[in-house]
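Here is a short briefing to read beside the model. Please keep the viewer open as you go through the points.

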Amino acid sequence: QKRLNTSSIRKMKGKARVVCLTAYTTPIAKLLDPHCDLLLVGDSVGMVLYGMETTVGVTLDMMAAHGRAVMRGVQHACVIVDLPFGSYQESKEQAFRSAVRLMQETGCDGVKLEGGEEMAETIEFLVARGIPVFGHVGLMPQLVNTSGGFRSLGHSDQEAEKIRRDAQAVAQAGAFAIVIEGTVEPLAREITASVSVPTIGIGASPACDGQVLVSDDMLGLFNDFKPKFVKRFAELGPLVSSAVESYAEDVRAGRFPAAEHTFQVRK
Ligand code: KIV
Ligand code: NA
């Protein structure tokens with residue numbers, strides 16, 4: 001059976017809600033794959049797995065390595081890899097080279113890049129040359145150093161108008177779907193109604209056509225902070241803590257390893 005591709009995702013608009021989660025490793029990708037339409041190898045990997053404070057330090061090498069790892073675990077979902085900060089903003093040619101690298105080295109179905117009107121030309125260039133692009137508007141974490149941090153957007157008319165124009169430009173340029181991040185509900189609803197491709201929300205209300213979360217957030221594995229838009233569907237953090245506590249106690253008390261974990265000479 002064939003995996004979903006970006007065209008299958010695009011066709012879900014108006015028919016079925018798109019289920020998306022981030023994945024960075026093979027074992028997690030294997031667990032998520034049967035349940036998800038779309039897996040995103042997000043540059044959030046830098047914060048979630050590498051302890052970085054922002055996504056600005058994430059490199060193309062890191063994205064290629066995690067993209068390969070995820071592809072090894074997937075049989076069903078469509079897989080998109082994030083273009084990291086600095087790998088596409090300089091020119092459409094630079095974006096093309098970076099995207100080709102990710103597509104060829106990982107075997108993923110397409111790339112995601114952050115940006116609105118200023119990236120429309122780049123998106124059009126990529127799509128015309130065979131690279132499916134997942135757009136990303138609203139809160140754009142790669143702009144953290146110039147945009148004043150992580151906060152929800154669309155509260156003022158001016159902010160809303162910019163995001164509206166960004167989403168339209170990205171859709172016009174040929175993106176197969178658009179992430180809307182950290183955006184107030186009425187605006188997310190309006191954008192979703194006005195573009196012909198699925199909007200995938202994160203902190204952007206139920207009005208979007210689909211939903212994405214960072215899997216470590218929804219599993220309770222990443223506990224440094226919990227944004228308002230995250231729901232913990234499991235609390236794996238405390239589960240890991242108590243398992244490790246038991247292990248430490250058993251090792252210190254000489255209870256582990258026991259006889260059944262021990263090799264004896266075969267006769
Ligand atoms: O990097 C990421 O995980 C993302 C999603 C949260 C949309 O870009
Ligand atoms: Na990202």
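This is a predicted model: local features need pLDDT of at least 70, side-chain atom pairs count only at pLDDT 80 or more; totals for chains, interfaces and linings use all residues.

Residues are numbered from 1 along each chain as its sequence is written, while chains are lettered from A and ligands numbered from 1 in the order in which they are written.

**Ligand 1**
- Around ligand 1 (C-beta atom, placed from the backbone, within 6 Å) you will find residues including Thr 22, Asp 43, Asp 82, Glu 181 and Val 214.

**Glu 181**
- UniProt, in an unreviewed entry, lists Glu 181 under "active site"; such annotations may be inferred rather than shown by experiment.
- Glu 181 sits in strand S6, residues 177-181 (strands are DSSP runs of E, at least two residues, numbered from the N terminus).
- Glu 181 is buried, having 22 other C-beta atoms within 10 Å (buried means 20 or more such atoms, exposed 12 or fewer, partly exposed in between, with C-beta atoms placed from the backbone).

**Thr 183**
- Thr 183 lies in the loop between S6 and helix H9 (185-194) (helices are DSSP runs of H or I, at least four residues).
- Thr 183 is also buried, with 29 other C-beta atoms within 10 Å.
- The C-alpha atoms of Thr 183 and Lys 112 are 18 Å apart, and 71 residues separate the two along the chain.

**Helix H11**
- None of the 18 residues of H11 is buried, so the helix lies largely in the open.
- Just after H11, Gly 254 has a positive phi of about 75°.
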